[in-house]
Every structure is written in C-alpha cells, then in structure tokens.
Amino acid sequence: RAKADGRGTYRFFETGMDARAQARRLLEMDLRAAVQRDEFQAYYQPIRDVASGRVVAFEALLRWNHPQRGLIAPISFIPLAEETGLIVQLGEFVLRSACTDATSWPDDIDVAVNLSPVQFKSPNLIASVTSALAASGLSANRLELEITESVLLQNSEATLTTLHELRAMGVRISLDDFGTGYSSLSYLRSFPFDKIKIDRSFVSELATREDSMAIIRAVTGLGRSLGIVTTAEGVENDAQLELLRREGCTQAQGYLFSKPRPASDVAMMLERPRLRASA
Ligand code: C2E
Ligand code: MG
Ligand code: MG
Ligand code: MG
C-alpha cells in the first residue's frame with residue numbers, strides 16, 4: 001500500500017515536471033518560429049520633460065503578436081529568450097526597428113532601447129548597434145541604450161570597455177530600474193551614465209510612503225549633483241507628477257501620458273499632451 005502511494009506520488013510529480021518541461025519546449029519552438037514569421041513588434045511609450053511637458057523621447061518596448069494568443073508582454077517570453085540566446089536576434093530586431101522608426105520623428109526626439117545582459121555579453125553588440133545606425137541613418141546622439149544593474153554586477157573590464165565604446169560612438173547610456181536589486185552607488189562611479197531611470201515601485205508609493213518620497217528625493221538630488229538626467233518610470237497620476245516636479249525630477253514616463261503603442265500611433269502621441277491608458 002505504501003509502495004503504491006509512493007509510486008503514485010512519484011508518477012504524479014514526474015507528470016507535473018513533464019508538463020512544465022513540455023510547455024517550455026513548446027514556447028521555445030514557438031519563439032523560434034515567431035522570429036522567422038515576423039510576429040514581433042516594437043511598441044513606443046513617450047517620455048516627457050517634467051518642467052516643459054514636452055515629449056523628449058520614446059522608449060521601445062517589445063511585443064509578441066501571437067497568432068493564437070494575441071499580444072504577449074515581454075515578461076512572458078524574455079526570460080526564455082535570454083536562456084536560449086534568442087534574445088540576441090530579438091534585440092537586434094528591436095534596435096533596427098527603433099532606429100528606423102525614429103528617423104521619421106522630429107529631430108529633437110530620441111529613442112530608447114532596452115539591452116539584455118545576454119546581448120551585452122554577445123561579441124556582436126557593437127557591430128549590431130553600428131549597423132542599426134548605419135542602415136537607418138539615425139544620428140547616434142538620438143539613441144539611448146538602457147541597461148540594468150545586473151549588467152554591471154560582474155563589473156568586468158569587458159563590460160566597461162563596451163559601455164565606453166558605445167559612448168564613444170555618441171550613443172547615450174541609461175541605468176534602468178534604479179533602486180531595485182543591487183543598487184549600488186559605486187555603479188555611478190564606475191561608469192558615467194547619462195540617465196538614471198527611477199524604478200516605478202518607488203513612484204507608485206510616492207504619495208503613501210514617506211520612505212519612497214525620501215528615496216526619490218535622494219536620487220533626483222544625486223542626479224542633479226552628478227549632472228545626470230533622472231527619469232521617473234510608471235507615473236500614473238497628477239499627484240505623482242506634481243511631487244516629482246517639486247523634487248526636480250527631469251523626466252517622467254507612465255500611463256498618465258500614454259501606455260506603449262505601435263509606431264503608427266507616435267504622431268498622435270506627439271499631438272496630444274495626455275492619452276490615458278483607456279484612451
Ligand atoms: P522597463 O524597461 O523598465 O520598461 C518599463 C515597463 O513599465 C514597460 O513594461 C512599460 O509598459 C511599463 N510601464 C510604463 N508606464 C507604466 C505605468 O504607468 N504603470 C505601469 N504599471 N507600468 C508602466 P513592458 O513593456 O511590459 O516591459 C517590461 C520589461 O521588459 C521592460 O522594463 C524591460 O526590462 C523588458 N523589455 C521590454 N522590451 C524589451 C526589449 O526590446 N529588449 C529587452 N532586452 N528587454 C525588454
Ligand atoms: Mg527600460
Ligand atoms: Mg525600467
Ligand atoms: Mg522595469
């Protein structure tokens with residue numbers, strides 16, 4: 001009897017693992033096919049200057065237009081794309097799309113592209129940035145590359161060399177999701193970032209938590225002293241925007257202005273000062 005139970009449990013467990021592994025294999029196959037089938041699309045979210053209210057940039061955010069499952073957000077496929085290395089191809093696609101799309105925007109509007117730590121380690125990175133700029137004709141100073149602290153974790157010579165090479169090309173470098181994970185002030189000393197993006201977890205609690213307010217104040221102050229632009233992510237209401245303005249945060253991005261939309265909606269996002277998530 002005990003034996004039968006044990007066996008049953010084991011088989012149940014095995015089946016569970018199997019189902020997960022199989023779902024993963026299916027997603028991986030799907031992901032590979034999707035790259036061939038052109039199912040990926042760059043969406044764009046505006047970033048506004050807090051003082052003037054002007055749109056200064058758009059961040060490219062990857063979407064998967066799945067024939068059966070509809071629009072899929074990056075959280076559902078980027079981790080697997082990173083594990084399988086497919087992120088390198090996807091990253092190149094986003095970079096090319098973003099540079100090409102930005103050439104049809106006004107000259108004073110920049111484009112920001114997220115880089116995965118896996119892309120960063122790939123020996124192709126400099127070449128793919130160079131070729132995306134050359135193929136599109138976009139001026140390097142309109143391109144911002146966003147990296148997270150995890151890229152800097154190893155703090156290797158190679159990472160710093162790559163960052164300096166990109167900078168030398170005229171590309172700007174932003175530190176994304178600042179305040180999460182390993183946030184260390186030494187990162188700001190190891191490389192001269194152009195921009196710090198304050199993670200939206202701090203912004204969402206601005207009005208309700210004193211400590212979030214204190215952290216925002218400290219980071220915007222730091223940015224001012226170091227001559228680094230600060231961008232608040234995830235701004236959803238006027239109260240948050242007002243507090244950020246008071247603290248001298250340079251830029252704001254969030255659903256208050258617009259959620260990410262396809263490239264064909266950029267002109268509309270430039271015209272209308274506010275476009276709520278529901279709009
Ligand atoms: P991220 O770079 O920090 O991008 C900001 C995320 O916050 C986006 O989620 C955006 O849609 C969301 N967001 C913006 N404003 C608001 C707001 O007011 N409220 C809320 N709740 N969310 C807001 P998304 O598009 O789902 O992307 C998630 C993450 O996936 C990105 O975080 C980035 O780390 C990664 N990602 C997106 N596109 C790419 C890509 O092309 N390459 C790589 N390597 N990573 C990407
Ligand atoms: Mg980003
Ligand atoms: Mg971010
Ligand atoms: Mg984030």
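Start at aspartate 176. This residue bridges two magnesium ions, ligand 3 and ligand 2, which lie 4.0 Å apart. Keep in mind that this is a predicted model: local features need pLDDT of at least 70, side-chain atom pairs count only at pLDDT 80 or more, and totals for chains, interfaces and linings use all residues. Residues are numbered from 1 along each chain as its sequence is written, chains are lettered from A and ligands numbered from 1 in the order in which they are written, and side-chain values use heavy atoms, with hydrogens and water left out.

Now, buried or exposed? Buried means under 20% relative accessible area, exposed over 50%, partly exposed in between (1.4 Å probe, protein chains only). Aspartate 176 has 6% relative accessibility, so it counts as buried. Aspartate 177, at 24%, is partly exposed.

On to the strands. These are DSSP runs (E, at least two residues), numbered from the N terminus. Two of them pair if DSSP finds at least two bridges between them. Strand 6 (residues 172-178) runs parallel to strand 7, with 3 bridges. Phenylalanine 178 has isoleucine 198 as its bridge partner. Strand 7 also pairs with strand 8 (residues 229-232), again parallel, over 4 bridges. There, isoleucine 198 stands opposite alanine 232.

Last point: strand 7 (residues 195-198) is covered on both faces. Lys195 and Lys197 are buried on one side, Ile196 and Ile198 on the other.

Notes. Donors = N, O, S within 2.8 Å, 3.2 Å for Na, K, Ca; no water.
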